[in-house]
Amino acid sequence: MLGEVLQWQYPADAVLSHWFRAHGNAGPRDRGEIAEAVFDVLRHLRRYRQFAESGQGSATRRLAVLGLASVWPRSTLDTGLDEHERTWLDYVQAFPVASLPLGVRYSVPDWLEAHLTRLPDAESLLQALNQTAPLDLRVNPFKTDRAAVLAAWAQGPEARWAAQATPYSPWGIRIQGRPPVNRWGSFERGDIEVQDEGSQLLAALVAPKRGEMVIDFCAGAGGKTLLLGALMRSTGRLYAFDVSAARLARAKPRFARSGLSNIVPVAIAERHDQRVKRLRGKAHRVLVDAPCSGLGTLRRNPDLKWRQHPESLEQLRATQAAILRDAAACVRPGGRLVYASCSLLPEENEQQVEAFLAEHPEFTLLDAGAVLADRGITLTFDGPLLHLRPDVHGTDGFFAAVMQRRLPEAPQADEPAEAQADPV
């Protein structure tokens, strides 16, 4: 199964799900340990491959041994190893990892190392991206609030997971470990959803109001759509756009659990969709959580650093710019446009925003920190753009820019009537 993952044909979690379905005899604990071992290999693949070159036999088996060594006690693992493998593992576990080059030590490909080492405190970031992420949940503010959920869990079986309020999002709950949340009553009732705290903050930047028309332009699995709809108190109209009808179909059970009735899922064409054109200049708020490299989510999706490549990054940048232009056309004068990504790279983030603003002088950049402060969220960062990092904020890596479309200038009070433009 590890060999199939390393072919990079499908995302690692999809390969694991397929394998578990084919091996129904694996219990929950076995599945958890297998998944943890596979993801450990993916996090440290470059370093593990270098270690594996010193052994004998199947290289994939040696990678699997290193992954299992992160999960099982050494005494358990040794029962399945021969003498040579035990000696080799002793050597690997005693090796001074700090002596390795940075890219090998933190297991990133050369092209990604070149990008990330241009960022501030690069080694701290690389180290954080190789850590296992906690599980972030979000309450559904249309049905309940965080205090009520935490109080109920403190008295129930969920207490063993020591849930804590997230430091920034007023809706977030953080859990260490991987409990079966999808079988909890609070999940089945639609009181909670799985969503990273950083992603929750994007909805706070959109700051939708009751009765407005709002568009989630790249809705995907619907996590941000659900929070936007709840903040709108299920009023107005909330369009969930996505180019994948299959993704929207998978989101529909989440929409149903939420109790919201203002969500309108719409599968759109990649470019020049007629339904999008009919909404030109009509939306109060538009969120573009753009398709991106996903490199800010490496804690959860470590295979991305091996499945992405520089050529795909260039393709993504062109797609992001096109989506941003199409989405911006839907914003009414005085309306808000939020561009976001779960990437850490300036090419996908601030450079996209700079290029857009240069081409669209009708939009102005707002201070994201001030927008969050208006909702009672205290989060300080340099400049008007939101940058979240796992080593600084404990969230996935996120970027966001908040822009507003200018209102048309009113004619001067003393301007002659004949000088005013006639309506078309």
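Leu89 counts as buried because its relative accessibility is 0%, where buried means under 20% relative accessible area, exposed over 50%, and partly exposed in between (1.4 Å probe, protein chains only). The model is predicted: local features need pLDDT of at least 70 and side-chain atom pairs count only at pLDDT 80 or more, while totals for chains, interfaces and linings use all residues. Residues are numbered from 1 along each chain as its sequence is written, and side-chain values use heavy atoms, with hydrogens and water left out.

Leu89 sits in helix H7 (residues 83-94); helices (H or I, at least four residues) and strands (E, at least two) are DSSP runs numbered from the N terminus. Apart from neighbours within four places in sequence, Leu89 is in contact with Val65, Leu66, Arg74, Leu77 and Leu81, contact meaning heavy atoms within 4.5 Å. Phe51 is 38 residues from Leu89 in sequence, and the two C-alpha atoms are 9.3 Å apart in space.

Glu33, in helix H3 (residues 28-43), counts as buried because its relative accessibility is 17%. Outside the four places on either side in sequence, Glu33 has contacts with Val71 and Trp72. Between the C-alpha atoms of Glu33 and Arg254 there are 28 Å, with 221 residues separating the two along the chain.

Arg254 also belongs to the lining of the largest cavity, together with Arg138, Asn140, Gly190, Glu193, Leu226, Arg257 and Ser258. On a 1 Å grid over the protein atoms alone, a cavity is a set of points where a 1.4 Å probe fits but cannot get out; a pocket is an open set with protein on both sides within 12 Å along at least five of seven lines, and lining residues have an atom within 4 Å of a point. The count is one cavity of 30 Å³ or more. The largest cavity holds about 40 Å³ of space, a volume being the space filled by probe spheres set on the grid points, which are joined across faces, edges and corners. Helix H15 (residues 245-258) gives the most to this lining, with three residues. By class, the lining has one nonpolar, three polar and four charged residues. Here Ala, Val, Leu, Ile, Met, Phe, Trp, Tyr, Cys and Pro count as nonpolar, Asp, Glu, Lys and Arg as charged, and the others, Gly among them, as polar.

Thr144 is in the loop between strand E1 (135-139) and helix H11 (146-154). At 18% relative accessibility, Thr144 counts as buried. Its contacts, leaving aside neighbours within four places in sequence, are Val139, Val149 and Asp191.

The second largest pocket contains about 410 Å³ of space. Its lining has 17 residues, and those closest to the pocket centre are Pro120, His387, Leu388, Arg389 and His393. At least two lining residues come from each of strand E11 (386-388) and helix H21 (390-393). Eight of the lining residues are nonpolar, five polar and four charged.

Turning to the whole chain, there are 21 helices and 12 strands. Along its principal axes the C-alpha trace spans about 95 × 50 × 40 Å. Of the 424 residues, 51% count as buried. Among contacts with a separation of 6 or more, 72% are between residues 24 or more positions apart.
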